[in-house]
Amino acid sequence: GRYYHRSVKVRSYKGTDGKLSVTVGGKLAPGRQTSYTVELPNPDMFVAGMFHHRLRNLGVQVDSGFGVAPTPLFSERLTEFYRPLTEIVDVVNKNSDNFCAEHVFKMLGAYSGVSKSTADESRNAIAGMWENMDINCDECAMNDGSGLSRRNLFTPRALTDLLVKAQGTAFASPFYHSLSVAGIDGTLRRRMRGTSAFGNLVGKTGTLRNVSALSGYVTTRDGNLLAFSLLFNGRSVSHYKSVENRIGAMLADFTYATSAN
């Protein structure tokens, strides 16, 4: 892939030996910075190569090379590597990473171990979650985990109720901090600056052609934490995002003292 930022050029490509090479060229002014995300064309080979490299660096003798092949029928599990789910959720929520979102969705089905259709099992698990948390989602339809399907249907009330119930769970804090912060980071890093929502409102954005959404939390001037969900359908996506910004600022500025007057 190629990435250009002013005079900085980054190229990534896979060589004939399977290794991923990244070249960076150009100039960047003092005090300026830029970033580039490299997509791994063969993540399995990358993990195998990294494991091979780490073993040798630690002084472990490795006589053969590395590669990817089907797991033998009779094999022994030597070790396992785990990453907390919260680390993946951070990427999904802050950066709206559709690829990771789809995998988190299907991991729910894979965890059940009941069916080969992980998507179906995931939908069943989520339907059970709505019921267990006593959230009315009769008008909802979840077709995928990325939100790219046009057959996904949700109501602001269902999402707001979910956000409220989430605050009473054990994962309330990591979930809250996984959301993008207005004017600071993620998909909200350029929004609501210069308002009371700046550094205050946290949320998850959603954008498709003719669709804009923003759901999350914001703290009022009284110190109360509010949950909100805004869903817009139509041809004025940029206008809807402007309205979302204005509503976010209004919620951040809300105080019962003013409303009483």
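View 1. Ser-178 sits in helix H6. Helices (H or I, at least four residues) and strands (E, at least two) are DSSP runs, numbered from the N terminus. The model is predicted: local features need pLDDT of at least 70, side-chain atom pairs count only at pLDDT 80 or more, and totals for chains, interfaces and linings use all residues. Residues are numbered from 1 along each chain as its sequence is written, and side-chain values use heavy atoms, with hydrogens and water left out. Ser-178 has a relative accessible area of 0%, so Ser-178 is buried. Buried means under 20% relative accessible area, exposed over 50%, partly exposed in between (1.4 Å probe, protein chains only). The side chains of Ser-178 and Asn-93 make a polar contact of 2.8 Å. A polar contact is a pair of N or O atoms within 3.5 Å; within protein, one must be able to donate a hydrogen and the other to accept it, and residues adjacent in sequence count only if both atoms are side-chain atoms.

**View 2. The salt bridge of Lys-94 and Asp-185.** The two side chains meet at 2.9 Å, N to O. This pair links distant parts of the chain: Lys-94 belongs to helix H2, while Asp-185 lies in the loop between strand E4 (180–181) and strand E5 (202–208), 91 residues apart. A salt bridge is a side-chain nitrogen of Lys or Arg within 4 Å of a carboxyl oxygen of Asp or Glu. Lys-94 is buried at 17% relative accessible area. Asp-185 is partly exposed at 22%. The whole structure holds 6 salt bridges.

**View 3. Two further salt bridges.** Arg-83 pairs with Glu-87, and their closest N and O atoms are 3.0 Å apart. Arg-83 counts as exposed, at 59% relative accessibility. Glu-87 is partly exposed, at 35% relative accessible area. Asp-120 and Arg-123 form another salt bridge, 2.8 Å from N to O. Both residues lie in helix H4; because they are 3 residues apart, about one helical turn separates them. An α-helix has 3.6 residues a turn, so residues three or four places apart point the same way. Asp-120 is partly exposed, with 38% relative accessible area. Arg-123 is partly exposed too, with 26%.

**View 4. Helix H3 and its cap.** H3 covers residues 98–112; at 1.5 Å a residue its 15 residues should span 21 Å, and the end C-alpha atoms are 22 Å apart, which agrees. The expected span is 1.5 Å times one less than the number of residues. Asp-97 caps the N-terminal end of H3, with a side-chain oxygen 3.1 Å from the backbone nitrogen of Phe-99. Buried residues of H3 are Cys-100, Ala-101, Glu-102, Val-104, Phe-105 and Gly-109. They pack against helix H2 (85–95) and helix H4 (118–132).

**View 5. Aromatic pairs.** The structure has 5 aromatic pairs. Tyr-176 and Tyr-217 form a tilted pair, 5.7 Å centre to centre with 40° between the planes. Tyr-176 is in helix H6 (residues 172–178) and Tyr-217 in strand E6 (residues 211–219), so the pair ties together parts 41 residues apart in sequence. Tyr-217 is buried, at 1% relative accessible area. Phe-232 and Tyr-240 are stacked, because their ring centres are 5.1 Å apart and their planes at 10°. Rings of Phe, Tyr and Trp (its six-membered ring) pair if their centres lie within 6.5 Å; planes under 30 degrees apart count as stacked, over 60 as edge-to-face and the rest as tilted. Ring pairs also join Phe-175, Tyr-176 and Tyr-217 into a cluster.

View 6. Two strands pair if DSSP finds at least two bridges between them. E4 and E5 are joined by 2 bridges; Ser-180 has Gly-203 in E5 as its bridge partner. Helix H7 (residues 237–253) has 17 residues and reaches 24 Å from first C-alpha to last, close to the 24 Å expected. Its buried residues include Tyr-240, Lys-241 and Glu-244. Tyr-240 counts as buried at 13% relative accessibility. E5, E6 and E7 are among the elements that cover the buried residues of H7.

Note on methods
Contact means heavy atoms within 4.5 Å.
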